[in-house]
Amino acid sequence: MSYSPVIQSTINFIEKNLNEELSLEDVSANAGFSKFHFHRIFQNETGVSVTEYVRYRRITESAQVLIYTNAKIIDIAMNYGFESQEAFSRAFKKYYHLPPGHYRKLMGNLTKQKEETTVNEEHAVKGWILSGSNPNLYQMGIDQETVHKGKSSGFLQSVLVQSTDEFATMMQQFKAEKYLGKRMKFSGFLKASSVEGFCGFWMRVDNTLGDVLQFDNMSNRQIKGDTEWNYYSIVLDVPENGSTISFGVLLSGKGQVWIDELRFEEVDHRVATTNLDITFELLNEPMNLSFEE
């Protein structure tokens with residue numbers, strides 16, 4: 001059984017209620033599971049517990065408020081469900097290794113300097129390639145304001161796009177040698193804004209001739225319009241004759257998509273693959289040559 005829709009619905013519920021009281025009982029009840037069973041499901045899918053997810057999302061959101069507003073630290077702490085400024089400071093320091101006040105001062109200055117020095121510069125991202133039908137119509141980069149966890153996320157956005165026929169991908173490509181015979185999962189968090197075509201994660205395994213062996217671009221579960229952060233995954237087998245693995249995020253048409261906390265990991269073969277069957281059956285003989293059928 002695939003729990004992806006349940007996880008996505010749960011994360012959407014959490015995101016909408018970050019400023020409210022959220023217990024494991026509340027979240028599991030919304031998902032329709034017992035809290036003990038759902039705890040295992042959520043942690044297996046995302047790598048963290050429900051409680052840890054809620055806590056780090058609140059800390060991440062509070063970090064953005066610290067940098068981009070003048071709100072008092074005590075007010076930020078209360079708004080995100082901490083019983084005191086001291087409790088908030090302890091939790092904040094665990095993730096960012098600085099007290100909230102010092103983080104605000106340091107990161108505020110660094111953010112301002114970065115904005116001043118990167119104006120009109122091309123946004124290159126280490127390890128990532130911008131590709132697609134017409135890559136110069138799109139831009140990829142690092143965003144320190146819209147973040148799921150930590151200090152920054154990656155983004156892909158349209159710049160001069162006029163048609164949904166255009167698309168771009170922010171991608172990586174590497175040798176398949178270490179992963180032959182394994183079932184691999186590419187997952188992470190994605191947020192979309194004003195996407196007119198569709199967006200989503202994608203992953204592909206090719207052989208040495210460039211033939212596609214395994215492929216999924218979420219075309220059967222497209223993300224469109226505006227969405228908050230949510231969790232998505234792709235699971236593919238890497239055949240023994242695999243040569244290259246490629247993955248990334250795809251954006252078709254206008255819009256912007258952010259990605260964060262990506263993971264590439266081996267999973268048990270009991271985990272179902274999401275491979276899209278792009279092959280077709282060869283007929284035994286020609287048919288309908290007169291176009292009368």
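Tutor: Let us start with exposure to solvent: a residue is buried under 20% relative accessible area, exposed over 50% and partly exposed in between, with a 1.4 Å probe and protein chains only. In this structure, Glu261 is partly exposed, with a relative accessible area of 24%.

Student: Before we continue, what kind of model is this?

Tutor: The model is predicted; local features need pLDDT of at least 70 and side-chain atom pairs count only at pLDDT 80 or more, whereas totals for chains, interfaces and linings use all residues. Residues are numbered from 1 along each chain as its sequence is written, and side-chain values use heavy atoms, leaving out hydrogens and water.

Student: How many helices and strands does the protein have?

Tutor: Helices (H or I, at least four residues) and strands (E, at least two) are DSSP runs, numbered from the N terminus. The protein contains seven helices and nine strands. As for burial, 42% of its 293 residues are buried.

Student: Which residues does Gln256 touch?

Tutor: Contact means heavy atoms within 4.5 Å. Gln256 is in strand β9, which covers residues 256-267. Not counting residues up to four places away in sequence, Gln256 touches Phe155, Leu156, Gln157, Lys191, Ala192, Ser193, Val195 and Leu251. Its relative accessibility is 16%, so Gln256 counts as buried. For the protein as a whole, take the contacts between residues at least 6 apart in sequence: 74% of them join residues at least 24 apart.

Student: How far apart are the C-alpha atoms of Ser233 and Ser187?

Tutor: Those two residues are 46 apart along the chain, and 4.1 Å separates their C-alpha atoms. Ser233 is part of strand β7 and, at 11% relative accessibility, counts as buried. Leaving aside neighbours within four places in sequence, the contacts of Ser233 are Ser4, Lys185, Phe186, Ser187, Arg221 and Thr274.

Student: Is Ile41 buried or exposed?

Tutor: Ile41 has 6% relative accessibility and therefore counts as buried. It lies in helix α3. With neighbours within four places in sequence set aside, Ile41 is in contact with Tyr3, Ile7 and Phe33. The C-alpha atoms of Ile41 and Tyr3 are separated by 7.5 Å, and these residues are 38 apart along the chain.

Student: Which residues of helix α2 are buried, and why do they line one face of the helix?

Tutor: In α2, residues 24-31, the buried residues are Val27, Ser28 and Ala31. Viewed down the axis of α2, they fall within an arc of 95°, so they line one face of the helix; the arc is that of the directions from the helix axis to the C-beta atoms. The cover over these buried residues includes α1 (4-16), α3 (35-46) and α4. After α2 comes Gly32, with a positive phi near 85°.

Student: How many aromatic pairs are found in the whole structure?

Tutor: Rings of Phe, Tyr and Trp (its six-membered ring) pair if their centres lie within 6.5 Å; planes under 30 degrees apart count as stacked, over 60 as edge-to-face and the rest as tilted. The search finds 19 aromatic pairs. Tyr53 and Phe189 form a stacked pair, 5.7 Å centre to centre with 25° between the planes. Tyr53 is in helix α4 (residues 50-68) and Phe189 in strand β5 (residues 183-206), so the pair ties together parts that are 136 residues apart in sequence. Both count as buried: Tyr53 at 0% relative accessibility and Phe189 at 3%. Ring pairs also link Phe33, Phe38, Phe42, Tyr53, Tyr56, Phe189 and Tyr231 into a cluster.

Student: How many residues are in the largest nonpolar core?

Tutor: In soluble globular proteins, nonpolar side chains tend to be buried together. A nonpolar core is a set of buried Ala, Val, Leu, Ile, Met, Phe, Trp, Tyr and Cys residues joined through side-chain atoms within 4.5 Å. The largest here has 37 residues, and those with the most contacts inside it are Phe42, Tyr53, Ile59, Phe88, Phe92 and Tyr103. Among the elements giving two or more residues to this core are α1, α2, α5 (73-79), α6 (85-96), α7 (100-117) and β7 (223-237). The largest share, eight residues, comes from α4.
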